[in-house]
Amino acid sequence: MERIEKLIDNLPPMDLMRSEKMTLVQLIIPVESAHRAISYLGELGLLQFRDLNSERSPFQRTFVNQVKRCGEMSRKLRFFKDQISKAGLLSSVHPVVEPDLELEELEIQLAEHEHELIEMNSNSEKLRVTYNELLEFKLVLQKACGFLLPSSNHAVSEERELSENIYSNDDYVETASLLEQETRPADQSGLRFISGIICKSKALRFERMLFRATRGNMLFNQAPAGEEIMDPLSAEMVEKTVFVVHFSGEQARTKILKICEAFGANCYPVPDGISKQRQITREVSSHLSELETTLDAGIRHRNKALTSIGYHLTQWTSMVRREKAVYDTLNMLNFDVTKKCLVGEGWCPIFAKAQIQEALQRATFDSSSQVGIIFHVMDAVESPPTYFRTNHFTNAYQEIVDAYGVARYQEANPAVYTVVTFPFLFAVMFGDWGHGICLLLGALVLIAREGRLSTQKLGSFMEMLFGGRYVLLLMSLFSIYCGLIYNEFFSVPFHIFGGSAYKCRDVTCSDAKSAGLIKFRDPYPFGVDPSWRGSRSELPFLNSLKMKMSILLGVAQMNLGIVLSYFNARFFRSSLDIRYQFVPQMIFLNSLFGYLSLLIIIKWCTGSQADLYHVMIYMFLSPTDDLGENELFWGQRPLQIVLLLLALVAVPWMLFPKPFILKKLHSERFQGRNYGLLGSSEFDLDVEPDSARDHHEEFNFSEVFVHQMIHSIEFVLGAVSNTASYLRLWALSLAHSELSTVFYEKVLLLAWGYDNIIIRLIGLAVFAFATAFILLMMETLSAFLHALRLHWVEFQNKFYHGDGYKFKPFSFALITDDDD
């Protein structure tokens, strides 16, 4: 045993097996070099600062004014970005790189650009409002005259000329004829009118309101304006309607004007004389052309200014974000009483201490400070953060584990094993080497375009797919491997590794697949014999194979989880966990389900016809009975009795000793004896998850005992339920295989049986659609989620606490758009 322990101790450490060793450090930084030192540490990205001013509000901190300035500059940059987007311009793909600006210079530049843009926007809005008013006036003149003039039969030649050149009243002949009886001067009959323009969406409600307000004593005429008018606020084109309201009386006029104001309708005076109308129309058209020229010139000038800003927008945004991050970090530091230096604390990996010290020395030199920055290690009471150094390949697997819970500091990391077990268990459920090739092509496309896609902003689904490209790669490779074992290519078997080991039972056998097969040569060298496909024994054979294989894989992975709990206990020097958790758990699991796995392997090797269900059931109900034909090896009955007794002993072994030993250690501590024992981690942190290391005196025996009882019951019941849970490997594999068979036989082959090219193409299209969206998308997602559950629940609950917190260093590379 000692030799084995020495061998384990001498094994080389793995980068991902346990999190990086962390240390708590203190920095004492002179004020003149503080900004530069924090900037260099941000570029390095290996120090996580602690907030030493957590009791202060953000407005009570030292550098609150600088943070406000950076926030204001961020607002201006967002304003520029919105303006560039509204103008339909694009920020420069290759921005101009300027020499480093001071924050004050950038602040002045941004203020000037904002003032210039606001002034241009204000002038443009004023011109647009004037332009819209003139355009509306022109449309009212053109359309409203058709409701006011007599019909063409009674008009003089001058009126006909105006009607043809300025407006067209062909559509309103009936309306105009209603006024034929009226004399031209409106005062003689007492009939008056108000003309204007309103949004088309409000016209119907506007008419109803006028009708109710005047009690029907009005005549309402309307016509489409014919042109869309831009709203100066929303910059959207709006359809409008020209209206003319005829009424009588001053009281009605007041009501109509109020309703027009309420509905946002603009009223314009239309003169009575034809000559006046034509003169005003000419003047309005002249003003409109001048305004159009002015507006176009203003837009060109504004776009030129925005384009100039766009060249520098990326660099300015990056600079402001970095400055804001620096001042936010400086606000986490304490001012010394002398107001001449800042004191900071933070976590850093041990391997990064030399790099941090070098960066601090550079900051001292570059800032011409007479006093160096003091860097020294502190003793920590609380648990350090968890930090794993990952790369593009391992990062996705680490994220899968972290989604369940971040590893406790220095505990065994499941991601090391997840790299292999996760895609393999997925492939056991998904196994089809045809579908695996399709997944492989998708993974290779994502990996080939890695450089391009990593710089683009992807949607949520594509971002998730791209982040898991290497997971998809291994999933596809293992799917091809398992598909070759199952001998399935889109559910079709192939004689890849030679001829079948089975043939027709006799010469007269015409339908071997329905009548049965006999073995005539050595077994098929790799995977499932293709002759099983379609035979009467296909489902019983494959069900038996996949079910037993699922149990073997499940027991193996659960044993791995218990073994990792041993390495955790050994690393934290907790001999109680080794003696009273690891040993009884291994005995209990392998006495029952390890024995079942052994029986499966023996049955496969010997070809026995023993009923394993009967063996396992009667192992509990009547362990002393004779096994008869279900006996697979000599001495099986006494072995089963011994294993059953070991399983029964393992339960109280897990439950009782540990709480009582902890109680004894606690009482001896207060009697002043064996104090050194408690200095080690014999006092297991599991029994007091939050504060066992800090507050040893807070020992509650009943709480510890209940916790241990829950843990023991959970393991005993979980050993059964978790083993049964691994049968999902068999169930999903069977479902995938049967779905593939249905789509192949009932869609593709059925359509191919018709001698019609259209039916064949339809069948091929349906088969391709079902393969892509059901088998390659839905089945992939289903197998992925089930593999995720097997790792989170069945595997990680044996050894993984997952109650740590991530190492989040101050790093400029981690700043995102949301941090503005």
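Among contacts in the chain between residues at least 6 apart in sequence, what percentage join residues at least 24 apart? The figure is 80%, where contact means heavy atoms within 4.5 Å.

This is a predicted model, in which local features need pLDDT of at least 70, side-chain atom pairs count only at pLDDT 80 or more, and totals for chains, interfaces and linings use all residues. Residues are numbered from 1 along each chain as its sequence is written, and side-chain values use heavy atoms, with hydrogens and water left out.

Begin with the whole chain. It contains 27 helices and 11 strands; these are DSSP runs, helices being H or I with at least four residues and strands E with at least two, numbered from the N terminus. Of its 820 residues, 44% are buried (under 20% relative accessible area, with a 1.4 Å probe and protein chains only).

Next, select residues 64-86, helix H3, and find Lys76 within it. Lys76 is buried and has no salt bridge (a side-chain nitrogen of Lys or Arg within 4 Å of a carboxyl oxygen of Asp or Glu). Leaving aside residues up to four places away in sequence, Lys76 touches Glu107, Leu110, Ala111 and Glu114.

Now select residues 538-571, helix H19, whose first and last C-alpha atoms are 49 Å apart. Arg573, which follows H19, has a positive phi near 55 degrees.

Finally, select residues 424-447, one of the spans that an unreviewed UniProt entry lists as "transmembrane region". This span is 92% helix and 0% strand.

Key
Buried < 20%, exposed > 50% of the residue type's maximum accessible area, 1.4 Å probe, protein only. Expected span 1.5 Å × (residues − 1). Lys, Arg positive; Asp, Glu negative; His and termini not counted. UniProt positions renumbered as here; feature names shortened; annotations may be inferred.
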